[in-house]
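Open the model in a viewer and keep the selection panel at hand. The stops below go from a sheet to a helix and then to a pocket.

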Amino acid sequence: MRRIMMMARRNALAKHRPDSKRGAMPTATDVDEAVLALHGWSCRLPIGWELALLRGTWRSGHLLLVEGRAGRMSISWHRGSGRPDLGRTVAKLDHRVAQGRDLRLAGVESVDDGALARWVGPAGEVAAAATWDPVHRLVLVWRQLEPLPLATLSRALASRTVAGGDDPCRWTLHGVDVDLPPGWRLEGLHHVIGLVRATWFLYPGGGIKAAGVCTVRRYALASRLLGQGDPEAWLLRHLGPRDQLEEHDSEDGVARVTVTGPGPTWWDRLRGRRRQRCFQAWREDPGDRLVVQEWVGTGSPLPCLRTRRRPEDRALSPAGGPSPAAEGPTA
Amino acid sequence: MNPAIAAEDIANAVPRLATEVTTVDNDEGTIDLCGPPFKRGPLIRLWARLWRLPERVEVRLDEIGTYVVSRMDGRDLQHLCGDLAGHLQLSRREADAAVTAFLRLLLLRRLVVLDGWNEGGS
């Protein structure tokens, strides 16, 4: 019954949708946008938005995007086995979005493998969408938190990409912007003032036993941290007391240091096994950041994850660089 | 500080050093903040002298703290954050959090007051 009502609403309201044609969606490159990419999916969002909250795993989770102190959009994702009932998802959204607010459903329309719903209230229009990727079985639910132009959501929907479990994928997390080979899953993210630390585990073949750990730390105030030295000297200065230096060099601005230390378990230590750790560090000059990549595991170490993006592929909320809000009076 | 206070409420507050706080240049090129002597009764004063407790709050700032305090010349909090963000190439959110945490520590020690903002209500 609910589905029938929604179809009726869709037919009735599709007439006065100004841009109901999918082909009329604006392209992603004609506006100032940045890429949000994590957990195997990505999309383009306005440049001033920031990731404020991230919960979940590769399988499912949700995030919150803000602009300044105002919430803008929440996105949730879920990898399932079957095709979801997107009409039911939109009906749930109807309940959730309109709850406690003076909003009424203004229309539901189909988008690429999904549905988009709009609500109208005194303050403006709020939209939400649910999309389904049949190849990688990923459901994405997008929900605007405040009245925004519908084009913002439309562009995000049009620009979304989904990677499979066996594909390499990009991660953009509070300024950390790396491309990781297949099998790496985010297991920890720590963001405090001046430091972002992201940790990935490698699960080869989709197993549950980790074969490697990659940690990327991004420090602010690199010029103060490094002083007169370079990243290699900084790495060597911060080795653990039981780390034994194996090799170190610098090339093209990237410092590489390999150390071995005692094995992680008693059994390993009794057998005299040592664990190898590889550090790579480099500076990001625009934001005065120091990025340190640490790899621990078996097999060949991860290559350097430093990337040089084109301006149109920049990551969302790259902390650092000239702040747009830094126009206050200066002495 | 009351956590229920909206950020917008204190964004326009103007931080300044408390009346009796003095700044002293130190040999590290930064400044020390010296609060007024503690008001103690005779018994507590004797106790404090016995245990060699400090007679006033003295805080040595680092370069960044010195930069922030030296700019407390009537600018409001959001301009202070903007200045710090531009100076250290921080994002605005990082600068907001850093300046707020710094000022909270100074407020706890009564070295700084916030003008143009009433904690009791708007």
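In what order do the strands of the open sheet in chain A stand? Select the 7 strands: the order is β3-β4-β5-β9-β8-β7-β6, with antiparallel pairing. This is a predicted model. Now pick out β3 (50–56) and β6 (104–111) of chain A, which stand at the edges of the sheet. Each has a single partner strand, so one side of each lacks a neighbour in the sheet. From one strand to the next, the twist averages 15°.

To look at one position, select L51(A): its bridge partner in β4(A) is L65(A).

Next, select helix α2 (residues 86–98) of chain A. Which strands does α2(A) lie across? They are β6, β7 (114–121), β8 (124–133) and β9 (138–144) of chain A. Relative to β7(A), the helix runs at about 20°.

The last stop is the second largest pocket, which holds about 490 Å³ of space. Its lining has 21 residues, and those closest to the pocket centre are L107(B), R109(B), R110(B), L111(B) and V112(B). Colour the lining by residue class to see 14 nonpolar, 2 polar and 5 charged residues.

Key. Residues are numbered from 1 along each chain as its sequence is written. Chains are lettered from A and ligands numbered from 1 in the order in which they are written. This is a predicted model: local features need pLDDT of at least 70, side-chain atom pairs count only at pLDDT 80 or more; totals for chains, interfaces and linings use all residues. Side-chain values use heavy atoms; hydrogens and water are left out. Two strands pair if DSSP finds at least two bridges between them. Helices (H or I, at least four residues) and strands (E, at least two) are DSSP runs, numbered from the N terminus. Axes are lines fitted to C-alpha atoms, for helices over the stretch in contact, and angles run from 0 to 180 degrees between N-to-C directions. Contact means heavy atoms within 4.5 Å. On a 1 Å grid over the protein atoms alone, a cavity is a set of points where a 1.4 Å probe fits but cannot get out, and a pocket is an open set with protein on both sides within 12 Å along at least five of seven lines; lining residues have an atom within 4 Å of a point. Grid points are joined across faces, edges and corners, and a volume is the space filled by probe spheres set on the points. Ala, Val, Leu, Ile, Met, Phe, Trp, Tyr, Cys and Pro count as nonpolar, Asp, Glu, Lys and Arg as charged, and the others, Gly among them, as polar.
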